[in-house]
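Open the model in your viewer and keep the selection panel at hand. The tour below goes from one selection to the next.

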Amino acid sequence: MSTKAPKNRTSATDDQINDYNVAIHENSTSNGGIINIDDKHKKALQFIEDVTTNADEIQKQVLYEILFAHVEYLQRHGLDGHTDRETFKKVIPVVTYEDLKPDITRIANGDTSPILCAHPISQLFTSSGTTGGEFKLMPTINNTKEQSERRQLFFGLVTPIISQYFPGQEKGKGMFFMFVKEETKRRGGLVQRSAVTGLLKSSQFKERPHDYLGNLTSLYETLLCGDSYQSMYSQLLCGLYQNNLVLRVGAFYAYGFILVISFVQQHWTLLCNDIRTGTLDARITDPSMREAILMKVLTKPNPELAEFIEAECSKDSWQGIITRLWPNTKYIDAVISGTMSQYVPALDYFSNGLPILSIRYLASEGSFGLNLNPLCKPNEVSYTLIPTMAYFEFLPIERNNDGRAIIITANSLNEEEKLRQQRLVDLVDVELGKEYELVVTTYAGFYRYRVGDVLRVAGFKNKAPQFKFVGRENVALSIDVEKTNEVELQNAVTNAVVNHLIPLGVSLEDYTTYADTSTIPGHYVVYWELRGPYYVNHATASSSSFIPQSVFEECCLTIEESLNSAYRLLRVSEKSIGPLEIKIVETGSFDKLMENAISRGASISQYKTPRCVKFAPIVELLNSRVLSNYFSSKCPKWVPGGTY
């Protein structure tokens, strides 16, 4: 029996998605325009039941729909029109971004032939961060009806899930912060932008229904302002002016909302003045945004509200400031899995322990999963992958003796690794408690693509597994959405030592790093133990042996300029990362570090200095031995509008 695709096809998954969206639309516009919320939510929850119960059948259909398209990439690997799992797994290789980069470059440079996807590529999304040095480009097909419906379905499921625990959300508003970032046009004419920028500038968002992302305090004009200061200020002004209507607050990632609170701390006097007088600060110069705010929000002065905000912000303690300024807030909406978990204590402090709902599992490659138990504890967050969103496979994780995952790049595959990749398992075949690297095949033309996320199976929703996000392997440091790995750190530190210390006869004994989130914005800390004729006590140092402070400041700058463009963008343009800090520690500090590890059970024969420390007692040990510290005095180079 042939496994090639027939000439005519029907799309079971598209039919399911379309039926769901039609039902939601009908329920939203029936009864004389009154939204039948209960029926809408019931249909959404039933959709989740159906797709998780029939997960494997839907996955087969999704793969069929994706492979039906006759594209160059599939033909190149010999798929020859087949759409079945067996042939697909036999002939299509497991790949990383570097394997697809030549094809993506062709697309970015204007080649419109069906290279990876049969649908025309509408834009190029940039990855939020990187583990390999630079931004990745993700071809996107958001201009198709099917893809729009798929995205509408995914985000449309959020409110019904949350409404099981917090009913009546439609009666208030959400203060949810989103920002556009600079976009560039590639040589071939395609626009290159972040995924959030693509969402905010899409026609679907502008015409969005009265749902989770539709009922916001922020005016559309404030979301589209490209100046981060003006956008943040204006969105906060809208949120404060409507403070009693706010039922939920948040941002896509936890750190983003921490920056919001920091902004309030710095600028509340200006915000109060605008609310008190009904005017808008002169630094808000965007004409369309000014007009919109004055016409729709600051319609009249509100001195009573300004006095209330001033009284709360003037208090010595900012504990519970979120519930003090927005008293009807029920929860915070922000991703707190992975590296974002480090911001949970701060959110708890500022909110007096409001529930934090980490509900969406998003990646640069697509929207994949939802947390069906949003009130779970932060360390218990798990995501159910929605079977209609992509075809999912899972690469079993094997670990070395030191607990690190064995992740081998496609460029260095040996026979053992090739055999391991052939053991990829399907969505319904993963095992409870085991860890896997996520591999996806998407409608946009990524086939058996290693996302780089490591997931642990935490349970099941019917036949669909629920995954806890373990992290991205080899990521050493992360403050915002950037991801800096050990190789980058090693190269950056080496550049600084070779260029600035070696010529002075000073060498590096050892080093480690720490992502310091106690400051706002957070920043990287590099601990150095040095050897050579240097002094940190400036009062007693002789002119012949004293290393000027400027040398260490140059070391800081060199390290920053050696890091990836994601880091430099957030450091220079977004200003969500502070200046890098070098801390010089006493001689013997890293011996103490090893002794501490051995006292906790580490093997002396297998001990290696950790290149990133997170354990609080270790950080305290290092900080207790700091002799001096230095910060970058300049920002690293980053050119707006330049090639990523």
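Which residue just after helix 13 takes a positive phi? Select Gly278: its phi is about 75°. Before going on, note that this is a predicted model, in which local features need pLDDT of at least 70, side-chain atom pairs count only at pLDDT 80 or more, and totals for chains, interfaces and linings use all residues. Residues are numbered from 1 along each chain as its sequence is written, and side-chain values use heavy atoms, with hydrogens and water left out.

Now select residues 254-277, which form helix 13. Helices (H or I, at least four residues) and strands (E, at least two) are DSSP runs, numbered from the N terminus. Helix 13 has 24 residues and reaches 33 Å from first C-alpha to last, close to the expected 34 Å (1.5 Å times one less than the number of residues). At His267 helix 13 bends by about 70°, the angle between axes fitted to the seven residues ending there and the seven starting there.

Next, select Ile141, in the loop between strand 2 (137-140) and helix 7 (145-156). Is Ile141 buried or exposed? Ile141 counts as buried because its relative accessibility is 3%; buried means under 20% relative accessible area, exposed over 50%, and partly exposed in between, with a 1.4 Å probe and protein chains only.

Leaving aside neighbours within four places in sequence, Ile141 has contacts (heavy atoms within 4.5 Å) with residues including Ile121, Cys117, Tyr443 and Ala444.
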